[in-house]
Amino acid sequence: MSADAGSSSAATADSSSAPRRSFWQRRLVDPIKRQLTQGVTPRKITFTLAVSTVCSLFPFLGFTWLLNLFVGLPLRLNQPIMQTLNQLLTPVHVPMIVVYVRLGELIWGSEEQAFSVVDMVQNFADLTFGEFLEKFGWAGVHAFTAWFISIPLLFAVVYFPLRPVIDRLADLNREPDAA
């Protein structure tokens, strides 16, 4: 019985001797550390890259970071990876808007309308919101439709080829410890 009492007092002494974490550590540093290390298994990283690619190609300017955030948080995906990939895909995202508009026109059976991202951005600044929607509303519907239909394909094109690559990289990283 005295051995049990000694071990419980030692455990109490150990926990009381640990320094109390400050407010800033608990409220700022710890959440940042959790976010940086969240979802770092090879499968979760591959899943994060595939989901982020889909979100980063959403065919509306200025919304991809928000879509990455709102999709990634409930799935507990690594936000730093998602937001970095979102920025890296910007050169692909902008021309894909035109591709999605054209594919959407085919899906909807619409005539091809004059459309460019540059024209859209310039008109966004010059027109009222109603005028902008009147001019580009159907282009948005067409682009969204094509993007939405392409989600499974985009995911598969990224996830399945990357899965063995990321798994292999993880294995290479572990080999020195195993030997």
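Visitor: Which residues does the UniProt annotation "transmembrane region" cover?
Guide: The record, an unreviewed entry, puts that label on residues 45-67 and 136-160. UniProt annotations may be inferred rather than shown by experiment. By the way, this is a predicted model, where local features need pLDDT of at least 70, side-chain atom pairs count only at pLDDT 80 or more, and totals for chains, interfaces and linings use all residues. Residues are numbered from 1 along each chain as its sequence is written, and side-chain values use heavy atoms, with hydrogens and water left out.

Visitor: How far apart are the end C-alpha atoms of residues 136-160?
Guide: They lie 35 Å apart, and that span is 100% helix and 0% strand. For residues 45-67 the ends are 18 Å apart, with 70% helix and 0% strand. Helices here are DSSP runs of H or I, at least four residues, and strands are runs of E, at least two.

Visitor: OK, new topic. Is T53 buried or exposed?
Guide: T53 counts as buried because its relative accessibility is 9%; buried means under 20% relative accessible area, using a 1.4 Å probe and protein chains only. T53 sits in helix α3 (residues 42-56).

Visitor: And what is T53 in contact with, leaving aside neighbours within four places in sequence?
Guide: L85, L89 and V158. Contact means heavy atoms within 4.5 Å.

Visitor: What about α4 and α5, at what angle do they pack?
Guide: About 155°, with the axes of α4 (residues 64-72) and α5 (residues 79-88) 10 Å apart. So α4 is roughly antiparallel to α5, a label for angles over 145 degrees.

Notes:
Axes are lines fitted to C-alpha atoms, for helices over the stretch in contact, and angles run from 0 to 180 degrees between N-to-C directions. Angles under 35 degrees count as roughly parallel, over 145 as roughly antiparallel, 65 to 115 as roughly perpendicular and the rest as oblique. Buried means under 20% relative accessible area, exposed over 50%, partly exposed in between (1.4 Å probe, protein chains only).
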